[in-house]
Amino acid sequence: MFKKIAFLIVLASMILTACQPAATEAPAVPAATDAPAATEAPVATEAPAKVYTYADLTLCYPQLGAESDWRTANTASFKETAEQLGVTLVFSDAQQKQENQISAMRTCIQQGVNVIALPPVVEDGWDAVLQEAKDANIPVIIVDRSVSADKSMYAAHIGSDMVLEGQKAALEMNKLLPDGGKIIELSGTTGSGAAVGRAQGFREALNANIEIIDSQTGNFTTAEGKPVMEAFLKKYEGQIDGAFIHNDNMAIGAVEAIKAAGLKPGDIKIVSVDGTRGGFQLMIDGWVQADVECNPLLGPQVMEMALKLMNGEPIEAETLTNETVYYPDNAAELLPTRQY
Ligand code: GYE
């Protein structure tokens, strides 16, 4: 009997050993008791990852151009903030051409930058390069204008609510032309998030008795805004009560044309966008009746978010800037405090 039990124990242990080859590879239990250090070894791999600082961050900013004072201030904000924080900024100027922005992004991807911040000149056509950034594990923050690409293609958007800016502009035009009238629109770059959003918001909030008789692009520049306004003045002589102008630089050009046509400040009610010093000066001189603010100083926010992305911290998918509307009555007082 005893022999039989002993035999069965031996047999059972042989079977168990045979069934559990892994057991021989796992000396964890004895090691744990004799050598506590051994159990701590694997834990070491879970130690906190390196926390990156601004000095570790290389940020690519393929700027879209230098078309306006807004843009100049935006570029300065990125360059100055990078310098102050010690961020390495890879900056380029695409001269308002999408293909230049795309090739600048590709260069940044090849260089292996940590984060790309993209201010897209137009909304469409970014899918391929956003996918390339994604494949290279480089997060992209869309800055200023929006893109039409799916939200899964980029990390976040930081910028202005362009539709809201258009709505605010319309409310001002409604106040300026309480009995209605005929207006023209000098629009921003065709297909840009800023122009599309402002045009949409404006139409949503404009009173029914105000008719937009024409709309043309001036590409956000003074140089292109002037001839477009000249053509409007010729074509609709004596009929234009108001103008919605998508940025202050085009307003500067338009006012040159209006002056040259012999009209006086206030003959055509103008609502502009940006709130640059140039826009403030136009309000002081009586040419512009309301200026909807659009804030270009996005460098600090973007770099803070870029560092969070580098450290794998959670971020907001959409950050919209808080903005106001400026008027002629206190423009002279505020002008010296304007940063752009
Ligand atoms: O209003 C204009 C600039 O995208 C918000 O671009 C920006 C616009 C701004 O050229 O002045």
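A polar contact is a pair of N or O atoms within 3.5 Å; within protein, one must be able to donate a hydrogen and the other to accept it, and residues adjacent in sequence count only if both atoms are side-chain atoms. This is a predicted model, in which local features need pLDDT of at least 70 and side-chain atom pairs count only at pLDDT 80 or more, while totals for chains, interfaces and linings use all residues. Residues are numbered from 1 along each chain as its sequence is written, and side-chain values use heavy atoms, with hydrogens and water left out.

**Contacts with the ligand**
- The ligand is surrounded by 13 residues (a heavy atom within 4 Å), and the closest are Glu-67, Asp-144, Arg-145, Asn-247 and Asp-274.
- Polar side-chain atoms lie 2.4 Å from a ligand oxygen atom for Glu-67, 2.6 Å for Asp-274 and 2.8 Å for Asn-247.
- The protein buries 100% of the 300 Å² that the ligand exposes when taken alone (Shrake-Rupley method, 1.4 Å probe).

**Make-up of the shell**
- Five nonpolar, two polar and six charged residues form the shell around the ligand; Asp, Glu, Lys and Arg count as charged.
- Helices α5 (69–85) and α9 (193–205) each supply at least two shell residues (DSSP runs, H or I, at least four residues).

**Location**
- The ligand lies between domain 1 (54–159 + 296–322) and domain 2 (162–294), because both give residues to its shell; the bounds come from an automatic or database domain assignment.
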